[in-house]
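The entries follow in the order in which I looked things up.

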Amino acid sequence: MRFTALFPLFCTLVAFILSLLCIFAGSKRDYIEHADIFTLNTSMLGRTTLDESKSSSSLLSSIENSVKGEVNDLIADVAKALNIHGFYSAHLLDYCEGYFTPGPVANKTVDPDKNVTRCSNRTALFHFDPTAAIQKELKPGISLADLRWPSAIKDAVQAVEIASKAMFVLYCVGAAATGLALAGAVFGVFSDGRAAPLVNNGLALLALLALGIASAIASVIMSKVVHEVNKHGNDVGISATKGKTFLGMTWAATVLMLIAAMAWIYEFVAHRRRQTSYVFEGKKGRY
């Protein structure tokens, strides 16, 4: 039994759990929903448009009168008046939506928390399109054009569509490879041959490659979308934040598989040295 092989076994186990959490986070209400890829804050969408009172939509003008006083109190949620949600969180399999509690605006004592009200159906190769999701929810008679929704946001999201689907595939490959590496690690603990460390190293490297590329793509998608939303959406009350929890989980899984791969190399070298030592001692005993 290799007691030192328990270390890469532990690293692989934790990486396997983290890779699954990355895939299934937010797949239903209150299931690790905070581990999103990015969150779109639309709680103040249209506030500038309402304040300027230049919209061509008569229905939007009527909404202006109903929420004007609340906006001045700094705790209004204009999104509710428009029949949309205060935030939209993107995940690998779906997106979740809801409202900030106790309100969309932070104060000296309380920061807004996310209250998830609904998550979309889980879908393989899912790609979140906030423009379509929000337009679908708007009250009849109001369009995103009335709210001056920046086309740059839609362009940015469409630009990363292929990358987001590739990311999903890579996470699936990474999780599967990590699962195989976990099974191999269990076998490696009880095996005393040289083959187990080599095979486990190969599986760990495969998982490392898949998770590493997926993590890099996730980082690029976060940066691209969040940058474009904050750059072009500030004037109409839209902002975005990166999913720091998701980022931490995905890179932690990647680093753990790197450590596991290095540990299996050590196991192979250590086994070879022990064999060399046994051969040397055997030859020395003959003399």
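I note here that the model is a predicted one.

**Entry: H1.** H1 covers residues 6-24. I checked its length: at 1.5 Å a residue, its 19 residues should span 27 Å, and the end C-alpha atoms are 27 Å apart, so the two values agree. I then listed its buried residues, which are Pro8, Leu9, Cys11, Thr12, Ala15, Leu18, Ser19, Cys22 and Ile23.

Entry: I looked next at residues other than glycine. Ile32 has a positive phi of about 50 degrees and is not a glycine. I placed Ile32 in the loop that runs between helix H1 and strand E1 (38-41). Arg148 also turned up, with a positive phi near 60 degrees. Arg148 sits in the loop between helix H5 (130-137) and helix H6 (151-159).

**Entry: H6 against H8.** From the loop that holds Arg148 I moved on to H6. I wanted two values for the pair, since packed helices are described by the angle between their axes and the distance between the axes. The axes of H6 and H8 (residues 195-233) come within 9 Å and cross at roughly 175 degrees. An angle over 145 degrees counts as roughly antiparallel, so H6 is roughly antiparallel to H8. On the H6 side I noted Ala152, Ile153, Ala156 and Val157 in the contact. On the H8 side the contact is made by Lys224, Val225, Glu228, Val229, His232 and Gly233. By class, the residues of this contact divide into 6 nonpolar, 2 polar and 2 charged.

**Entry: the whole chain.** The protein has 9 helices and 5 strands. Along the sequence I read the pattern as α-β-α-α-α-β-β-β-α-α-α-α-β-α. Of its 287 residues, 49% count as buried. I put the accessible surface down as about 14300 Å², with 61% of it belonging to carbon and sulfur atoms. How much of the contacts with a separation of 6 or more comes from residues 24 or more positions apart? I noted 77% for these.

Notes
Residues numbered from 1 in each chain as written. Predicted model: local features only at pLDDT ≥ 70, side-chain atom pairs only at ≥ 80, totals over all residues. Heavy atoms only, no water. Helix = DSSP H or I, 4+ residues; strand = E, 2+ residues; numbered from the N terminus. Axes fitted to C-alpha atoms, helices over the stretch in contact; angles between N-to-C directions. Parallel < 35°, antiparallel > 145°, perpendicular 65-115°, else oblique. Contact = heavy atoms within 4.5 Å. Nonpolar A, V, L, I, M, F, W, Y, C, P; charged D, E, K, R; others polar. Buried < 20%, exposed > 50% of the residue type's maximum accessible area, 1.4 Å probe, protein only. Areas by Shrake-Rupley, 256 points an atom, 1.4 Å probe, with all protein chains shown as cover. Expected span 1.5 Å × (residues − 1).
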